[in-house]
Amino acid sequence: MTSAVIVDVVRTPSGKGKPGGGLSDIHPATLLAEVLRTLIERNDLDPALVDDVIGGCVTQSGEQALNISRTAVLAAGFPESVPATTVDRQCGSSQQAAHFAAQGVIARAYDIAIACGVESMSRVPMFSNAQGADANRGPLVDRFPEGIIGQGISAEIITQRWKLDRETLDAFAARSHRLAAETAAAGGFDNELVPAGTLTADETIRPSTSAEGLAGLRPAFADDEFEARFPEIEWSITPGNSSPLTDGASAALIMSEEKANALGLRPRARFHSFAVTGDDPLLMLTAVIPATRKALARVGLTIDDIDAYEVNEAFAPVPLVWQHDLDADPAKLNPRGGAIALGHPLGASGTRILATLVNHLEQSEGRYGLMTMCEAGGLANATIIERL
């Protein structure tokens, strides 16, 4: 069978997703073009050889509308013959792009593909593409008469159901910043980072973050309506134990192992298993658990066979409930920090996490890495890679 390998994977630093953030003056297509151009230049690859570019983006409106992946490919100077498409699997969009690219290689539809993603949350606000798309007024009402709730409320519900307390969430969030800061100080992110504008390092990492400091933040999602609807909730989700609004772009160069060898390029990792699944759209954030089990079962691995797990920290309870239900080693979970510190630029997060995971496996000499990400609507992707 044809193997799909990762030859390289890069990302911009994470910029604060608000006016004045380090990447907020850069058009999102320019951000994505920068990582695409760097990927080609770092590997001395003729861009005309790329069969397809598959990009993830969640808020496809305004500057991110009209197939931003194609716009970025042209802005990067690729030949006009190189096609591109933009996919939306919500927060897992660029992870799904990596699946599509790798699966295309395995199917021999592609020799070389690029999976990538971008999100400028400062310039294209979240939900700005959702006008008139209220699920609670559409056809889902018949099936879910209680109504679809927002992800923040879902995070509160799973916090309550898994009996997590505020102290545990804040301690995990502080750990994320500590590990990310330690990795940055040791140069652990250097190989994956592509400077963008004047930003050369993640500005979302706060090295001084402590659980005690986070304890002073007010819950973000409590209001009269939801407090009346969910009286059992103690309201523990805050801006401090959630991922911040973030700008960023990322990209992975994926090809067949045969093509990499023919071009004299060194594969860094191999795609070993893929899974995508749905789960309860009201809980919203728990599909990472069945997606992980599905990815492991496909290749006969157990959670103990995996050397590092990357579970996106959209909210602190997500990796914590995943860890609990998979009985996973907490030391292997997000060992370089996660989205609470490194940011969550929606459409770019999948290939951002892939970059961090590949570099961690190389620097720690691990073999298998697993990444999974909760996605709106009760979806999740899971990917297992093998370091080469």
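Predicted model: local features only at pLDDT ≥ 70, side-chain atom pairs only at ≥ 80, totals over all residues.
How many nonpolar, polar and charged residues are there in the lining of the second largest pocket? Hold that thought. I'll get there in a minute.

Start with the largest pocket. Its volume is about 1100 Å³. The lining counts 39 residues. Which ones sit closest to the centre? Met126, Phe127, Gly150, Gln151 and Ala376.

Now the elements. Helix H5, residues 151-161, and helix H8, residues 224-229, each give two or more residues to this lining. H5 gives the most, with three residues.

What about the classes? In the lining of the largest pocket, 24 residues are nonpolar. Another 12 are polar, and three are charged.

On to the second largest pocket. Here the space is about 200 Å³. The lining is made of 13 residues. Closest to the centre of this pocket are Met1, Phe271, His272, Ser273 and Phe274.

Which elements supply at least two residues here? Helix H3, at 93-106, strand E7, at 269-278, and helix H10, at 288-299. E7 has the largest share of this lining: five residues.

Back to my opening question. The lining of the second largest pocket has six nonpolar residues, five polar ones and two charged ones.

The largest has about 1100 Å³, and H5 is its top contributor among the elements. Thanks, everyone.

How values were computed:
Residues numbered from 1 in each chain as written. Heavy atoms only, no water. 1 Å grid on protein atoms, 1.4 Å probe; cavity = no way out; pocket = protein on both sides within 12 Å on 5 of 7 lines; lining within 4 Å. Points joined across faces, edges and corners; volume = space filled by probe spheres on them. Helix = DSSP H or I, 4+ residues; strand = E, 2+ residues; numbered from the N terminus. Nonpolar A, V, L, I, M, F, W, Y, C, P; charged D, E, K, R; others polar.
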